[in-house]
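Subject: Structure handover

Hello,

Here is the structure for your files. My notes follow below it.

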Amino acid sequence: MLIFKILLASAVLVMSLVVAMYSTLIERKMAGFFQDRFGPDRAGPWGLLQPLADGIKLFFKEEFMPNTADKLLYILGPSLTMLIACLTSAVIPWGPDIIIRGQAYSLQMADVNIGILYIFAIVSIGVYGIMIGGWASNNKYALLGAVRASSQMISYELAMSLSIITIVMMSGSLSMRDIVNQQQGFNWNIWYQPLGFIIFLICAFAETNRSPFDLPECETELVGGYHTEYSSMKLGFYLFSEYINMFISGAVMATLFLGGYHFPFIDKLGLSPNAFAFVSFLVLFAKITFFGFIFMWVRWTLPRFRYDQLMRLGWKALIPLAILNVLITGVVILLNQK
Amino acid sequence: MFSNYIFYFLSALALYSAVMVLLSKKPIHSVLYLTLTFFAIGGHYILLNAQFLAIVHIIVYAGAIMVLFLFTVMLLNLNKDERSPKPIWVKAAAIIAGVMLGLVLIAVFRGYDLHLEQHPMESQIGLVKELGRVLYKDYMLPFEVSSILFLTAMVGAVLLGKKEQL
């Protein structure tokens with residue numbers, strides 16, 4: 001059992017890294033498409049080797065550290081960001097149980113009964129990596145970027161948590177597995193909580209610092225934002241963790257709102273348990289890919305917000321809407337009980 | 001026992017980082033060491049099978065309060081230790097007060113029967129279901145009153161934060 005868990009954890013880690021690696025290529029290809037150009041196509045067929053080339057380039061770049069930087073914290077910043085980005089995948093159920101030699105193995109690393117709170121916790125400590133890195137660089141632009149990033153993430157955390165509370169109210173459980181199992185077939189949460197889904201999606205953009213909320217690294221105002229002073233693979237860690245975060249937040253959204261690995265006519269296929277688990281996993285992966293597409297689509301379509309607009313949207317639009325959503329859900333649940 | 005080793009590791013970590021909060025020269029290091037202390041204590045909660053408490057502890061302390069501390073320290077740019085050296089009588093007073101507090105704590109805890117919980121993983125009180133039942137059945141009124149207290153604090157914070165005169 002322990003060996004299986006370790007294997008599963010390694011597989012999920014490798015999967016997140018590979019997906020993040022190729023997201024960079026897909027992102028650039030899509031940017032090319034949206035801007036009517038080709039995108040990277042020199043390295044390998046259709047540019048398939050481009051992520052490898054980028055990785056090698058980052059590794060061989062000069063390792064630069066500012067003289068005035070706080071050495072320990074300067075290194076801690078990107079490491080922490082990377083570590084925290086990889087932590088969330090532990091509570092996501094990647095598929096139904098698979099059966100090896102008559103014994104059922106769960107495709108979820110930890111079925112803790114507080115899975116959603118675990119995700120809240122990881123999201124709320126996600127600020128540290130950026131803040132520490134931005135402060136330790138001892139650079140005005142980096143500090144401004146870090147302060148922007150953290151106030152933005154703190155603000156959008158609230159609306160995000162409030163929009164998940166409705167899901168918890170409906171399912172009556174904090175466990176991710178229970179929430180997925182209540183969305184059998186086409187009985188997805190998005191049909192009951194469309195407003196909650198939209199709020200969560202917007203907050204996911206803000207939490208991953210993606211455009212149109214990418215003010216922490218706003219090039220036109222802050223040079224490079226919190227990673228201005230970073231180079232080589234430390235910069236790579238910051239950029240890379242953004243793609244891991246995209247992948248994981250796609251997985252969380254698919255799990256909470258789009259039924260996780262469930263799909264319509266799930267029971268009519270008549271497959272063996274293992275093949276069924278595989279198909280279910282592919283369905284979940286397709287949903288995550290869909291979210292990845294939305295992330296990129298929005299980035300290359302919408303312009304960036306101004307900072308006061310961002311704060312106004314978060315505090316004066318999303319949070320009241322989320323509270324209203326909680327109220328409505330509560331009333332509907334009460335009426336249904338009678 | 002594997003969990004014993006984890007206990008000793010977490011305790012050592014908590015004590016070390018708590019001492020380092022005091023000894024660090026830069027305020028920002030103190031803040032980060034305090035965060036580390038909170039994580040170690042969160043680990044202790046998990047050892048006691050109180051997952052809910054552990055996660056809430058991390059969300060509230062590490063995720064919210066310490067981030068605000070970090071914010072303040074960064075924005076005030078308290079990079080160097082700029083406190084002037086304290087006069088000798090302040091140091092003496094601090095030592096006497098600390099020793100007296102220690103004496104009181106020892107006197108209090110001497111009376112307790114400090115037994116080791118034999119099977120901490122069998123205790124269910126820290127799980128979210130049990131905790132919710134206890135809070136909403138046995139301690140309904142105090143729980144609701146404290147939530148009103150929080151609401152008052154929130155309204156007060158908004159009032160203080162308003163720039164224009166009311």
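The model is predicted, so please read the notes with that in mind.

I began with one residue. A:Asn274 sits in helix H12 of chain A, which covers residues 273-299. A:Asn274 has 13 other C-beta atoms within 10 Å, and is therefore partly exposed; a count of 12 or fewer would have made a residue exposed, and 20 or more buried. Not counting residues up to four places away in sequence, A:Asn274 touches A:Ile98 and A:Ile99. A:Glu62 is 212 residues from A:Asn274 in sequence, and the C-alpha to C-alpha separation of the two is 48 Å.

Next, the interface. Contacts between the chains involve 17 residues of chain A and 17 residues of chain B. On the chain A side, the elements giving two or more residues are helix H4 (115-125), helix H5 (127-136) and helix H6 (140-171). H4(A) gives the most, with six residues. By residue class, this side of chain A has 14 nonpolar residues, three polar and no charged.

Last, the core. The largest nonpolar core holds 106 residues, and the members that touch the most others are A:Leu117, A:Cys203 and B:Ile55. Helix H11 of chain A (residues 232-257) gives the most to this core, with 14 residues. As for A:Cys203, its contacts, leaving aside neighbours within four places in sequence, are A:Tyr156, A:Ala159, A:Met160 and A:Leu318.

Regards

Conventions
Residues numbered from 1 in each chain as written. Chains lettered and ligands numbered in written order. Predicted model: local features only at pLDDT ≥ 70, side-chain atom pairs only at ≥ 80, totals over all residues. Helix = DSSP H or I, 4+ residues; strand = E, 2+ residues; numbered from the N terminus. Contact = placed C-beta atoms within 7 Å. Nonpolar A, V, L, I, M, F, W, Y, C, P; charged D, E, K, R; others polar. Core = buried A, V, L, I, M, F, W, Y, C linked by C-beta atoms within 7 Å.
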